[in-house]
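Reader: I have just opened this entry and would like a friendly walk through its geometry. Could we take it one question at a time?

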Amino acid sequence: MTLGVPELLARYGRTYAEEAGITLRDEPSPLYRLLVLTVLCSVRISAGTATAAARELSAAGLRTPVAMLGARRRTLIEALGRAHYVRYDESTATALGRGAELLLDRWHGDLRRLHEEAGGETGRIGELLREFPRIGPVGSEIFRREVQAVWPSLRPYFDERALGEAQALGLPGSPESLAALVAPEALARLAAALTRAGLAHVGAAGA
């Protein structure tokens, strides 16, 4: 199957941050909201449910680690419930609370300090992200894939699944070759599009 980049972006090129209502900027609150979304995506649950849960948490005012840490547990559980994020609601509330505490204690609530500590290096950023409760290798990939929109030092970032999907679609299979196909500011959208296309094909194959 072949699919051109313009069609790929038109069909699948919405980042998960955009779906969650996050206008991503290199500022503490939107970066934190992306971290929360990453935690929500790091279990076996649909991306649609995870992004809906991120929107509900944001609507409840939980847009900073201070707000998250100070929130009543019931507030978190109810927000997750409104998004039907119910199977993992208790463990997620715990993970979000502990993650907020870690971010405040170690990086003063600002993920830009994590970026600084890592020297902007993608592998080190991935290692530091995995110190947050629940975030493993897949979660760290999700965060880096999306945050490259505002952290140029990570560009181009495509995980192995995205690269595999690119090859399946008849596109180049290396990050540098893929990056040459779009403007730098579109790299996060292209990475998201390849991820979504891969998930769509898996779903179609299993149907």
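**A walk through the predicted model**

Author: Happy to start with helix 1, residues 5–12, whose buried residues are Val5, Leu8, Leu9 and Tyr12. Please keep in mind that the model is predicted.

Reader: Within what arc do the buried residues of helix 1 fall, seen down its axis?

Author: An α-helix has 3.6 residues a turn, so residues three or four places apart point the same way. The buried residues of helix 1 line one face of the helix, because seen down the axis they fall within an arc of 100 degrees.

Reader: Thanks! Now the pockets: which helix gives the most to the lining of the largest pocket?

Author: The largest pocket holds about 360 Å³ of space, and 17 residues line it, with Tyr16, Ile142, Arg161, Thr195 and Leu199 nearest its centre. At least two lining residues come from each of helix 10 (137–147), helix 11 (160–168) and helix 13 (187–206). By class, the lining has eleven nonpolar, three polar and three charged residues. With five residues, the helix that gives the most is helix 13.

Reader: What volume does the second largest pocket have?

Author: Its lining is made by Thr15, Ala17, Glu18, Ile22, Leu24, Glu146, Ala149, Glu185, Ala188 and Arg189. Helix 2 (16–19) and helix 13 are the elements that give two or more residues to this lining. By class, the lining of the second largest pocket has five nonpolar, one polar and four charged residues. The volume of the second largest pocket is about 150 Å³.

Reader: How far is the charged end of arginine 196 from the centre of the ring of tyrosine 16?

Author: Tyrosine 16 is one of the residues nearest the centre of the largest pocket. The charged end of arginine 196 sits over the tyrosine 16 ring, and its distance from the ring centre is 4.1 Å.

Reader: Is the peptide bond from arginine 155 to proline 156 cis or trans?

Author: Proline 156 lies in the loop between helix 10 and helix 11. From serine 140, proline 156 is 16 residues away in sequence and 15 Å away in space, C-alpha to C-alpha. With omega near -10 degrees, the bond from arginine 155 to proline 156 is cis.

Reader: Last one: what positive phi does histidine 84 have, although it is not a glycine? And what of histidine 108?

Author: Histidine 84 is in the loop between helix 6 (73–82) and helix 7 (89–107), and histidine 108 is in the loop between helix 7 and helix 8 (111–117). Histidine 84 is exposed, with a relative accessible area of 62%, and histidine 108 is exposed, with 55%. For histidine 84, phi is about 65 degrees; for histidine 108, phi is about 55 degrees.

Technical notes: Residues numbered from 1 in each chain as written. Predicted model: local features only at pLDDT ≥ 70, side-chain atom pairs only at ≥ 80, totals over all residues. Heavy atoms only, no water. 1 Å grid on protein atoms, 1.4 Å probe; cavity = no way out; pocket = protein on both sides within 12 Å on 5 of 7 lines; lining within 4 Å. Points joined across faces, edges and corners; volume = space filled by probe spheres on them. Helix = DSSP H or I, 4+ residues; strand = E, 2+ residues; numbered from the N terminus. Nonpolar A, V, L, I, M, F, W, Y, C, P; charged D, E, K, R; others polar. Lys NZ or Arg CZ within 6 Å of the ring centre and 35° of its normal. Buried < 20%, exposed > 50% of the residue type's maximum accessible area, 1.4 Å probe, protein only. Arc of directions from axis to C-beta.
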